[in-house]
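Here are some friendly notes from one colleague to another, meant to be read with the model open beside them.

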Amino acid sequence: MDHLRIVVGFKVTPDYEALRAPDWARAAGGAAESGGGPGAPETRYVRRVLGVFDEAALELALRLRDARAEAGLETSLAAFSVAAREADPFLQTLQALGFERAARVDPRAALDFAPRVTAAVIATYLRRIGSPDVLLLGSRCGPGESGAVPFLVADELGLPCVTEVTDVQIASRGRLRVTFAAGGGWIRATIAPPCVLAVGNAVVSMLRVPTLKDRLAVRERSLDVLSSGELGVDAAAALAGEPTVLASLETIDRERAGTIVAGRTPEEKARALYETQLRARLERL
Amino acid sequence: MSLSREAIVEGLRRIVGPDAVVTDEKILVESSVDNFRKLQNIFDVHTAPVPAAVVLPADTAQVAAILTWANENGVNVIPRTGATATEGGLESVVPDSVIVDGSMMNQIVSIDPYNMQATCQCGVPLQALEDRVREHGLTTGHSPQSKPVAHMGGLVATRSIGQFSTLYGGIEDMVVGLEAVFPGGEVARIKNVPRRAAGPDIRHVVIGNEGALCFISEVTVKLFPYFPENNTFLGWTLKDMATGFAVLRDVMVNGYKPSVARVYDPGDAGLHFSHFAAADDCVLLFMAEGAAGIAKATADGIQAIVDKHPECTQVPSEYIETWFNDLCWDASKITAEDERIRQTHNVNRTTEISADWSSINDIYQAAKARIIDEIPDITMMGGHSSHSYINGTNMYFNYFFNVVGVGPEEETDKYYLPIIGIICEETLKRGGSIVHHHGMGKARAPWVKDEYGSSYYILETLKRSFDPNGIMNKGTIIPL
Ligand SMILES: Cc1cc2nc3c(=O)[nH]c(=O)nc-3n(C[C@H](O)[C@H](O)[C@H](O)COP(=O)(O)OP(=O)(O)OC[C@H]3O[C@@H](n4cnc5c(N)ncnc54)[C@H](O)[C@@H]3O)c2cc1C
């Protein structure tokens, strides 16, 4: 393909790592008021970050564009998020990185764990802008996500979906060499677009950073902002039709007990380790 | 004649035994730099001379023996404890240096809750000491962001400062006594007393010496009662740094002692507070702590001061409390940061200076404008003031750039040093200090004469007197 249209959908999430124990406790207690509704942790007071797999998807798109440019091939890049205003700073960053189109579809409803509604909004939006050659999505986002959105979007668009994608490279004749995790290993497939790629544990997981000058260059550019209602999807009403409801979220304490192996020399420590941890097990063999 | 590498290793083995002398090539290579040239370790590209050995003394007597031997044989010694240095203090700039690593001297010698002081060896991680004194309902009051990884020796050697400094002071306000070993092997103990006027305060010869005069083997620091339940958080957004500095000044001049008092510029605020601050907002924040009455009076007083500035918009205190709970850098955060650099080649650097209230905003504005204008590939240029005093405050410049078109080993020359140069120039021009709390290391040593002016005579004389053979951390504080 001489010209490839890549679209990346991404989600902005609360920085769950910054949540304090009481924020999760509120979730366990089923208390209200938090961003995600009853049963979700209190996330209002932590900063927003890109979903990890979404971040990888965005960087993979940029690398694909760079590789195609080097091969003399044209690529257009677009990014969108189904989100409230909190996604805007991220969209502006993407504009500075060379995404020609940066859009936000505001569902005017909290769509956490609402894969059908989310997918319907995304598919409708993509039909509106013209179905892309390659759609990259993170395979899932923060805690409390279904992981079903990429499949449902692919289904709505009638495109094949490759899951757990870890890398995308260019191949000859406009094809893509897609690496994905399967059966405990990796498989490399050469694909002729169109396709949906659900990015998982990618080798490249972090998004490059635009310079201040890059930002300045796109300062006057506006974002495309529209509501899902404008697309003809009443997200709030559709939510009532979601068959599965996320009732609550809680963390599991992952702390483990540890012992310090004492000894004056490495030999003494190795002996102590053997005596306390290994010997009995070996004898049982 | 200087000793061969083999002779150096042999000499050290005789003093401390073979197990305490590390000659593993990878460890030696990694030990040739610190965070100042952290890209060299991240990308495994090294240019500094490789040290001959890392030696791990078990006690003060072994440190004394090592320094005596090094002094007699002209071997350059680089003291080290937590290895979190940011300014090249650990960099080996001459061949066959020896890293004297105090991390095995890691005993907490005593905790004295009645006299409110604790004594520990140099290799005790601050976090370990803090955890132990908390069992007594006490705190050291020292909380640099490197608290989980930095050790007491290094913290004293660099004149470090913590996030609660406005209440508890810098490390120099906390150290009551110490023990240090000098190049001839002399062991000097400064006793632990509340105050004395028996001549100059010789603690300050040792505190901040950055391993360029002596090895700090033991320190005694003050303890304070710990009342986390009274911590009160306050935060505002505002549109300019000048107002922020003015509010900080009002708070200090009116005698309030919040433990945290900060103003962030929009760039830096964007890294932490973008969920409630607009892209052009500065953020002003405080934490009041201490006994209930003190914490309340402090918070009330600050509230009244900021209320007089209608341009400040108050935000819910939970924003500040949540930020506060995620402040320190443990090993996992440092590893994640390294991985980000490896993938994106986007590097975060910081440079901290101090100046009086009249100059600080001018320094901030001038340095920021010049860096954006003169340095390529900048992705964020900002900063915050985080340590205030009656006569002025600090500015912690926080900046990111993409490393483009050069190898990782050239990052300092192309970007970092020119930025440091601009900040030092703009600071010196206005009478400020080019180093607020990271130490001079080797990075800022080239500016030492401008920093000291005529008082350089005192510094130079100290160096000559205590280290006549020049074996202590060559190139640190005073350039080669
Ligand atoms: C993520 C991060 C956050 C940081 N945050 C802060 C902060 O909030 N506040 C702050 O002040 N600093 C901060 N620093 C800088 C650093 O942590 C401090 O300078 C700290 O005091 C160094 O302690 P260390 O034990 O790691 O010393 P090292 O890194 O081992 O050594 C630092 C310097 O002291 C000398 N030295 C070390 N031990 C001795 C000794 N026993 N006797 C004589 N000289 C010795 C060394 O030669 C070197 O010049 C930060 C660094 C990092 C990486």
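Predicted model: local features only at pLDDT ≥ 70, side-chain atom pairs only at ≥ 80, totals over all residues.

1. On the chain B side, 24 residues are in contact with 21 residues of chain A. Together the two chains bury about 1,900 Å², and carbon and sulfur atoms account for 54% of that area. Within chain B, the residues that lose the most area to chain A are B:His275, B:Thr322 and B:Gln343, which together make up 30% of what that side buries.

2. How many salt bridges are counted between chain B and chain A? The count is one. A:Glu55 and B:Arg340 form a salt bridge, with their closest N and O atoms 3.2 Å apart.

3. Which secondary-structure elements of chain B face chain A? At least two residues each come from helix 11 (266–272), helix 13 (317–324), helix 14 (331–344) and strand 17 (378–385) of chain B. Helix 14 of chain B provides the largest share of this side, namely five residues. By residue class, the side of chain B that touches chain A holds eight nonpolar, nine polar and seven charged residues.

4. Turning to the domains, the assignment for chain B lists domain 1 (5–103), domain 2 (106–225) and domain 3 (228–324). Between domain 1 and domain 2 of chain B, the C-alpha centres are 23 Å apart. Their contact involves 13 residues from domain 1 of chain B and 20 residues from domain 2 of chain B.

5. The area buried between domain 1 and domain 2 of chain B comes to about 1,300 Å², with 66% from carbon and sulfur atoms. On the domain 1 side, B:Thr60, B:Leu67 and B:Thr81 supply 32% of the area buried against domain 2 of chain B, more than any other three residues.

6. What about specific interactions between these two domains? Zero salt bridges are counted between domain 1 and domain 2 of chain B, while three residue pairs are in polar contact, both residues being at pLDDT 80 or more. Helix 4 of chain B gives the most to the domain 1 side, with six residues. That side of domain 1 consists of five nonpolar and eight polar residues, with no charged ones.

7. One residue to look at is B:Ser103, found in the loop between strand 4 (98–101) and strand 5 (108–112) of chain B. Its side chain makes a polar contact with the side chain of B:Asp101, at 2.5 Å. Leaving aside residues up to four places away in sequence, B:Ser103 touches B:Leu56, B:Thr81, B:Gly123 and B:His151.

8. Another is B:Asp59, in the loop between strand 2 (53–55) and helix 4 (60–73) of chain B. Why is B:Asp59 classed as partly exposed? The label applies because its relative accessibility is 33%, and the class runs between under 20% for buried and over 50% for exposed. From B:Asp59 to B:Gly270 the C-alpha distance is 46 Å, and the two are 211 residues apart in sequence.

Note on methods:
Residues numbered from 1 in each chain as written. Chains lettered and ligands numbered in written order. Heavy atoms only, no water. Contact = heavy atoms within 4.5 Å. Buried area = accessible area lost by both parts, 1.4 Å probe. Salt bridge = Lys/Arg side-chain N within 4 Å of Asp/Glu carboxyl O. Helix = DSSP H or I, 4+ residues; strand = E, 2+ residues; numbered from the N terminus. Nonpolar A, V, L, I, M, F, W, Y, C, P; charged D, E, K, R; others polar. Buried < 20%, exposed > 50% of the residue type's maximum accessible area, 1.4 Å probe, protein only. Domains from an automatic or database assignment. Polar contact = N/O pair within 3.5 Å; in protein donor to acceptor, adjacent residues only side chain to side chain.
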